[in-house]
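These are my notebook entries on a structure I looked through piece by piece.

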Amino acid sequence: MDETSKLFVTGANGHVGFNLVKMLLEDGYNNLRVSVRDKDDPTKTAALKALGVTDIVSLDVRDGPTFRKVCAGVQYLFHVAATYRLHTGSATADAELIEDSMAGVRSAMNAAADNKVARVILTSSIAALPIPADGAALPDETNWNQNKDVPYIKAKTEAEKLAWSKAQGLGVDLVTVLPGAMIGPNFGGGTQSTDFVLAIIKGSMRLGTITAKPPFIDVRDVVRGHILAAQKGASGRYILSADAPPAFPEIIKIMRAIDPKVPGAMMIVPKAMYGVLPFFDWLSNKTLGAPRTMTADFAKAMQSGNMLANNSKAKRELGWKQTISLEQSLRDTMTELRDGCCAL
């Protein structure tokens, strides 16, 4: 990939997509096409246009024929667009989450094959990896999550598997990146990961927190990994996760050091009581206006261990590394939340 290559980023108004577009432009990649759901909606395009992006197309990634059309002339496809939601609120929404992920990947891979795209860089997730038990070896790129109960985990796992099957069948050069839970700036309306930070600010863990270690990683480090995966002689899957993420009590401590108004936690909830977390999540939503972040299935999955992974392959083959500290990432996230992204 060089500066003359035609690049296409789907979901460019999302957290990953916008930061990826921003970094590509800063790196000198100006031959750039991006997609949003509706290019005539200024809420989706204004920030992109402010960066200087001019080639913006409308795309529902489930629409195969349109995907083929907008991929014409593209050499590198960054397929970022996806629904990120742990708590959807209904079985129907859960099913739609899974189908959206599958249909989007199917359309992207077919479009790449038809247009002879040189490489597809697909944003998967650390959720596609098994959750290791406490003290067990961390999973690497050879491992897959077998959990079918959490819709988001199932969506990311099955969609990535579909992408690899399509790549093999269609002869598409595919690389997948598996980031942790992304925080950091430029997230617009908020994401499930930034919702965790917002919920803590609103006091959702005031009565008690948990010892789980959320796999927070700054979005800027993640998009750098995407670019390296396009530039390098990359092959296969690459985990883009934090080196040593702390547990929630330490995260709350860091957030309180940044802003003393952030409520502390009165106690640590033992793992045996994780089953009550969805109730307290609901209660925090009703009384504090905190975003919903927990379901019974996800709470059960968290009891088995922490969503951590071995990032050594990305370091070794891509030259990738975590450059932004958790403190800086939390600070930038909290600043954006307090500056008006979401209701506080």
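I looked up Arg331 and Glu327, which are four residues apart in helix 12 and therefore separated by about one helical turn. Helices here are DSSP runs of H or I with at least four residues, strands are runs of E with at least two, and both are numbered from the N terminus. I noted that an α-helix has 3.6 residues a turn, so residues three or four places apart point the same way. Arg331 and Glu327 form a salt bridge, with the closest N and O atoms 3.3 Å apart; the term means a side-chain nitrogen of Lys or Arg within 4 Å of a carboxyl oxygen of Asp or Glu.

I kept in mind that this is a predicted model, in which local features need pLDDT of at least 70 and side-chain atom pairs count only at pLDDT 80 or more, while totals for chains, interfaces and linings use all residues. Residues are numbered from 1 along each chain as its sequence is written, and side-chain values use heavy atoms, with hydrogens and water left out.

Next I checked Arg338, which makes a salt bridge with Asp259 at 2.8 Å between the closest N and O atoms. Arg338 lies in helix 12 (residues 326-341) and Asp259 in the loop between helix 8 and helix 9, so the pair ties together parts 79 residues apart in sequence. Asp259 is buried at 8% relative accessible area, whereas Arg338 is partly exposed at 38%; buried means under 20%, exposed over 50%, and partly exposed in between (1.4 Å probe, protein chains only).

I then found Arg224 and Asp27 joined by a salt bridge of 2.7 Å, N to O. This pair links distant parts of the chain, since Arg224 is in helix 7 and Asp27 in the loop between helix 1 (15-26) and strand 2 (32-36), 197 residues apart. Helix 7 itself is mostly covered, with ten of its 13 residues buried.

Which residues of helix 9 are buried? I found Leu277, Pro278, Asp281 and Ser284. Seen down the axis of helix 9, these buried residues fall within an arc of 120 degrees, so they line one face of the helix; the arc is that of the directions from the helix axis to the C-beta atoms. On the other side of helix 9, I saw that Lys286 and Thr287 are exposed.

My last entry for helix 9 concerns what follows it: Gly289, whose phi is positive, near 75 degrees.
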